[in-house]
Amino acid sequence: MAKAHVLVLPFPAQGHATPLMELSHRLVGHGFEVTFVNTEVHHAMVVGALKPAGGASALAGIHLASVPDGVADGVDRKDICKLVDSYNQHMPGHLEQLIAGMEAAGRPKVKWLVADVCLWWSFDVAKRLGIRVASVWPASVACLAINLQIPKLTEEGLLNNKGTRHSAHGALPPPGRPRLRDHLRQHRSASRSGRQRAAGGGRHVGAGRHPPGVHL
């Protein structure tokens, strides 16, 4: 009997990829076939990090795959807003092509997608392909709670829709402190993924710590 095939998709950042790689090892240990999908840039980092540990043998059965992220040459990869916009625009089509290509090559049909909440668009892809979804929030519960309160903060006028705090409600953050713009973007992604899970019957898994795994 063929093993159930699980596709694991982390947000392309070490703090997201590391816990999902650890989860992938646990899934393999429970008898699942796992394909771990990264962007091409982060895939190269993972492969490079594996070489000192013995290469593919260190993966203990985890299959690695990659998709383009659509980020143009010359774009500052430290600009999280530009990166997320590119991921949302370009990666859904590439992920769908990857899944179709694996099946055409004789790999077992993907039954489950375990994906980072921040990559909400992957739940749309899964729904189109009839794949069940489990979403993962790899940061702390406190961080998730803050993100979930952002609509209330904007409704009450404490923040504007760009993540800037109104000075009329108290002291502004210290100079140099990042604005909450990126948290607003994350929240919108998480909110949409939540609606997709509700529609598709998916599950949500949260993690309070980042367990050891492959470091990029």
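This is a predicted model: local features need pLDDT of at least 70, side-chain atom pairs count only at pLDDT 80 or more; totals for chains, interfaces and linings use all residues.
UniProt, in an unreviewed entry, places the feature "domain: Glycosyltransferase N-terminal" at residues 5–43.

The protein as a whole holds seven helices and six strands, and, read from the N terminus on, its elements run β-α-β-α-β-α-β-α-β-α-α-α-β. Of the 216 residues in the protein, 38% are buried. Among the contacts between residues at least 6 apart in sequence, 66% join residues at least 24 apart.

His 16 is found in helix H1, which spans residues 14–29. His 16 counts as buried because its relative accessible area is 17%, where the cut-off for a buried residue is under 20%. The side chain of His 16 is joined to that of Asp 116 by a polar contact of 2.6 Å.

**The packing of H3 with H4**

Two packed helices are described by the angle between their axes and the distance between the axes. For helix H3 (residues 80–104) and helix H4 (residues 121–129), the axes come within 9 Å and cross at roughly 35°, and H3 passes H4 in a right-handed crossing. The residues that meet across this pair are set out below.

| Helix | Residues in the contact |
|---|---|
| H3 (residues 80–104) | Tyr 87, Asn 88, Met 91, Pro 92, Leu 95, Glu 96, Ile 99 |
| H4 (residues 121–129) | Trp 121, Ser 122, Val 125, Arg 128, Leu 129 |

By type, the residues of the contact of H3 with H4 divide into eight nonpolar, two polar and two charged. An α-helix has 3.6 residues a turn, so residues three or four places apart point the same way.

Which residues of H4 are buried? In H4, Trp 121, Ser 122, Phe 123, Asp 124, Val 125 and Ala 126 are buried, and among them Trp 121, Ser 122 and Val 125 also take part in the contact with H3. Just after H4, the backbone at Gly 130 takes a positive phi of about 75°.

Note on methods:
Residues are numbered from 1 along each chain as its sequence is written. Side-chain values use heavy atoms; hydrogens and water are left out. Helices (H or I, at least four residues) and strands (E, at least two) are DSSP runs, numbered from the N terminus. Buried means under 20% relative accessible area, exposed over 50%, partly exposed in between (1.4 Å probe, protein chains only). A polar contact is a pair of N or O atoms within 3.5 Å; within protein, one must be able to donate a hydrogen and the other to accept it, and residues adjacent in sequence count only if both atoms are side-chain atoms. Axes are lines fitted to C-alpha atoms, for helices over the stretch in contact, and angles run from 0 to 180 degrees between N-to-C directions. A crossing is left-handed if the near helix is turned anticlockwise from the far one by less than a right angle, and right-handed if clockwise. Contact means heavy atoms within 4.5 Å. Ala, Val, Leu, Ile, Met, Phe, Trp, Tyr, Cys and Pro count as nonpolar, Asp, Glu, Lys and Arg as charged, and the others, Gly among them, as polar. UniProt positions are given in the numbering used here, feature names are shortened, and annotations may be inferred rather than shown by experiment.
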